[in-house]
Amino acid sequence: MNILSHFAKKQTGLGQTNPVAKVLRRTEQRMRAAQQVSNADGPRAPREGAGIDWTARTLPRLAKAARARMAGPGGYYNLGNALGLAMGIAVQLTSGSAVHGTATGALYDYFAGSGSALALTLATLVFFCSGESYHRAWVDPGASDQRLNRLGDLLSAVGAIGLGAALFLSGQPLLAATAGLMHAFGKFASAAHRPGVPLSLGLGSTWPAAWPDPFRSAVLASRLPAMLAAMLSIANALPGVWSGGQTLALAAPLTLLACYALWARADLMLFAGPGTASLNEA
């Protein structure tokens, strides 16, 4: 029994002129009438424009999160990592599925089908972890965390060793030496060297403070041969595309070049950040 109805009957027993009973009865009647109208109308339709309102609220939040991600080198590193991984998977699914017959077989071959593929997969995972470490170190660019920054350097060096192994196993020793070993040397040295401490060159001399950081410079220079190789691949693919060939032969090196541009942008950001006095030692 409805609570209002029960209470109204008890009040009615006290007298027909009881004002409380009259109010309760009128309230109950109105509630029943409103319930009947609601049931007759059926489920309420979504408010017109609700989807537009949700989009209008969500897009600014996503844009703000993206800007925060790109405030430091970690965002650029991992954007390049994600772009390269997506293109690699797309190329493999396009060309590998025809060989293996299924997308599953093509993906397995891409990630773990050989020693070089497995080394590249592990290196990519470590590079993503390195980028995340850089991002967390640079959440506040005015007071970056130096320990997380050095952890990013260390992880990047480990990833570079895996990349060098993958390139060597795939028959590219020159790129293995530059994109792999040279990159790893620069990152390991950057992780070991504390910013602000003079770098000794022996015989009582030190690296001039006005010169660019030699270890960061080594990392940046290690990318140049791979960028040159990507540009040569683009030049070789252009005639075929103009003749009506597949654009995939052009899209892959273009994407790789874009990845290296993003990684180089992150390298340049590290020249300024770790050398500032605002970095936290804690």
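## Accessibility and the aromatic pairs

A residue is called buried when its relative accessible area is under 20%, exposed when that area is over 50%, and partly exposed in between. In this predicted model, F111 has a relative accessibility of 28%, and therefore counts as partly exposed.

The count of aromatic pairs in the model comes to four. Y110 and F111 form an aromatic pair with an edge-to-face arrangement, in which the centres are 5.0 Å apart and the planes stand at 80° to each other.

## The largest pocket

Several helices contribute to the lining, with at least two residues each from α4 (73-100), α5 (103-112), α6 (115-137), α7 (146-169), α8 (173-192), α10 (224-242) and α11 (248-272). The largest share belongs to α6, which supplies 11 residues of the lining.

With a relative accessible area of 3%, D267 falls under the 20% cut-off and so counts as buried.

The side chain of D267 makes a polar contact with the side chain of R223, at 2.4 Å. When residues up to four places away in sequence are not counted, D267 touches R223 as well as Y77, K187, V219 and L220.

How values were computed: Residues are numbered from 1 along each chain as its sequence is written. This is a predicted model: local features need pLDDT of at least 70, side-chain atom pairs count only at pLDDT 80 or more; totals for chains, interfaces and linings use all residues. Side-chain values use heavy atoms; hydrogens and water are left out. Helices (H or I, at least four residues) and strands (E, at least two) are DSSP runs, numbered from the N terminus. Buried means under 20% relative accessible area, exposed over 50%, partly exposed in between (1.4 Å probe, protein chains only). A polar contact is a pair of N or O atoms within 3.5 Å; within protein, one must be able to donate a hydrogen and the other to accept it, and residues adjacent in sequence count only if both atoms are side-chain atoms. Contact means heavy atoms within 4.5 Å. Rings of Phe, Tyr and Trp (its six-membered ring) pair if their centres lie within 6.5 Å; planes under 30 degrees apart count as stacked, over 60 as edge-to-face and the rest as tilted.
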